[in-house]
Amino acid sequence: MKRVFEPIRIGREKLEIPNRFAATAAVTLTCDKNGYPTEHFISYYEGKAKGGWGLIFIEDTAVDKYGRSFDRVPGLWEDGQGEAMKELTRRVHKFGSRIFAQIYHAGRQTKPDVIDGECTIAPSRIIDPNTRATPRAMSVREIEEMVVKFGEAAYRAKQAGFDGVEVHAGHGYLVNEFLSHYSNKRVDKYGGNIRNRCRFALEILQEIKKRCGDGFPVSVRISADEKVPGGITIEDAKVIAMLLEENGLDLMNVSAAVNASVQYVTPPAAVRHGVYVDLAEEIKQVVSIPVIGVGRVNDPFLAEAVLESGKCDLVGMLRASMADPELPNKAKEGRFEDIKTCVGCLIGCSGHLAKGISATCIFNPVMTRETEIPVKEAEIKKSVAVIGAGVGGMEFAITAARCGHEVTLIEKENIPGGQYRYAAVPPEKGELTSFLVWQQTQLKKLGVRMLMNTEATASLIETLRPDVAVVAAGAKPVFPPIPGVKGPQVFTAIQVLAGEVLPGKKGIVIGGGMVGGETAYHLSSHGYQVQAIIEMLPEILGDMPRNPKIYLNKALKEAGIDILTETVVKEIAEGMVVIEADGRQQEIQTDFVVIATGSKSCGQLAEELQGKVEKVLCLGDAKQPRSALEAIHEGYELAVNL
């Protein structure tokens, strides 16, 4: 850990960034609907500063009320918002971090529900691929007025105490739309050749420098490869970077993709580490200003390697900062085993945004709730028995122990992790094991007593005499009411992922949720022919976040697996499955069948313990089958409120 902890200076006045860890920006939906910061918003960024991040960017900060991609992003379109941001910058600076406001206008990607029925604006009248709304082409006067709005927002940021601003010129937002032939078809001074397409961005940069002074650092985030037909490529991006540097740019933040290629904007676990760092390296070859590299860098050793290779000057690790805001400090102290690693699941971050919910992290229950549910020393220490060492039970045990309670964790198997352990088996999911390793490490450090290979019974719990019993015994697979479903050639997805040998070489997967899809992918990647995934609903993978779903669908298609939706399995017989779709039945010859149709709770022990233990709690799948995020967060919250 040498390069990551070297300070770096940027800008004309050489603003010092204390290290090379950059927490880049992403929407969290934690401001109010008027663009003002809330305590949730402020404490989220304060947590990163406290954790040691050298440079922090706050998310999509709108320069115009009618230019927001969501209705709860921060704003700097009016003076009151800047005044309200002073508390944020004060609390971040207290820990020595530097903070930039990322200013933007969403352009044609503005959500219709935040513009009060107005038409969205863009360089050209071309429909947005995602919202399906057709924007109005901006007049030259409107462009000039928008340049002023960017300048005014930057000045408010400076007055609020921000160390600089970042103009978001990537990911398909308004400035990006002007830069790209994909979205800019103008034939005036803002369209056509690359210098004209850069004019809007250059005028914004010049306006900011005029209002804020040359000494106020400005960064630009760019999509150096839009990954759409006719869009910006790395060679275009090099020219854009050179022109921006000529006009006073201080820092370049290199990302990729736009809304039409959204699966690349936020790369999931299926994408390699450091996926866009090579783009940063290309930009770095043509500019002398510092460059930020991004893209699935989720570990301090990866960050060190990227910097040592000379591909960039700072490393953007947004989702790593969400999973563990204390990552830099832990790395500096050599506590690598205490770092929670982002695994690219996208469930709590972008997955929540798609539902209009404030962002969180599957592994970090306090993300955006830092001051709401902190761990604190319990006034009354209790003895606690936790039954089940799945991720929810272990999270409860860890948190309860941190609060000072005496915890015994009981698990019937010899390895902890429950069903989550098998979720790491499919291709590209191996990183999930890092969280189980983290949990076991914390349990040992906290002195939690662990009884493995132990069947928890009511009598055993009574002998332990706990004040509180927590049943987190998980769930078991559900077998649908299909004739032949208990036949010798029928296996559950858990059995398959646990490594049980299957008969023959070809099979059918019943159930098209995430478990069924990933199990099918696992089988096809290990020499089996998966003939089909059979699902009753109109589509498969409906319980997955968008980006991982796109990649898994692609993998299933490439494996040649038939996707039979709105299809019912009528019977399973030896060497055969009978299905029905559109009122017609069909027989499929097959060697084996895999059932992935959900789970049912194993919470009956909670009922047996009622009246025998002072307090009985039930969490995770033992309460009701649910996601790992829900189990982990529930385990944490129950423990801090014990």
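Buried means under 20% relative accessible area, so K330, at 8%, counts as buried. The views below come from a predicted model.

**View 1. The salt bridge between D324 and K330.** The side chains of D324 and K330 meet with N and O 2.8 Å apart. K330 is buried at 8% relative accessibility. D324 is likewise assigned to the buried class, because its relative accessible area is 2%. This pair belongs to a set of 43 salt bridges found in a search of the whole structure.

**View 2. The salt bridge between E46 and K94.** The closest N and O atoms of this pair are 3.8 Å apart. E46 sits in helix α1 (residues 39-50), while K94 is in the loop between α3 (86-93) and β5 (98-104). The two residues are 48 residues apart, and the pair links distant parts of the chain. E46 counts as buried because its relative accessibility is 14%, whereas K94, at 52%, counts as exposed. Salt bridges that share partners join E46 and K94 with E39, E87, R90 and R91 into one network.

**View 3. The salt bridge between K311 and D278.** Here the closest N and O atoms lie 2.8 Å apart.

**View 4. Helix α4, residues 140-160.** The helix has 21 residues. From its first C-alpha to its last, α4 reaches 30 Å, close to the 30 Å expected at 1.5 Å a residue. Its buried residues include I143, M146, V147, F150, A154 and A157. R156 is also one of the buried residues of α4. In an α-helix, residues three or four places apart point the same way, because there are 3.6 residues a turn. After α4 comes G161, which has a positive phi near 105°.

**View 5. The aromatic pair Y44 and Y45.** The structure holds 15 aromatic pairs. In the pair of Y44 and Y45, the ring centres are 4.7 Å apart and the planes make an angle of 70°, an edge-to-face arrangement. Y44 has a relative accessible area of 3% and is therefore buried. Y45 is buried too, with 1%.

**View 6. The aromatic pair F178 and F200.** The ring centres are 4.5 Å apart and the planes stand at 40°, so the pair is tilted. F178 belongs to helix α5 (residues 174-179) and F200 to helix α6 (residues 194-212), 22 residues apart. Both F178 and F200 are buried.

**View 7. The largest cavity and its lining.** The search of the whole structure finds three cavities of 30 Å³ or more. The largest cavity holds about 110 Å³ of space. Its lining comprises 14 residues, with C342, C345, L346, C349 and C361 nearest its centre. By class, the lining has 10 nonpolar, three polar and one charged residues.

**View 8. The second largest cavity and its lining.** The volume of the second largest cavity is about 70 Å³. It is lined by 13 residues, and those closest to its centre are R108, Q109, G172, Y182 and V258. The lining has four nonpolar, five polar and four charged residues.

Notes: Residues numbered from 1 in each chain as written. Predicted model: local features only at pLDDT ≥ 70, side-chain atom pairs only at ≥ 80, totals over all residues. Heavy atoms only, no water. 1 Å grid on protein atoms, 1.4 Å probe; cavity = no way out; pocket = protein on both sides within 12 Å on 5 of 7 lines; lining within 4 Å. Points joined across faces, edges and corners; volume = space filled by probe spheres on them. Nonpolar A, V, L, I, M, F, W, Y, C, P; charged D, E, K, R; others polar. Salt bridge = Lys/Arg side-chain N within 4 Å of Asp/Glu carboxyl O. Helix = DSSP H or I, 4+ residues; strand = E, 2+ residues; numbered from the N terminus. Buried < 20%, exposed > 50% of the residue type's maximum accessible area, 1.4 Å probe, protein only. Expected span 1.5 Å × (residues − 1). Phe/Tyr/Trp six-rings, centres within 6.5 Å; stacked < 30°, edge-to-face > 60°.
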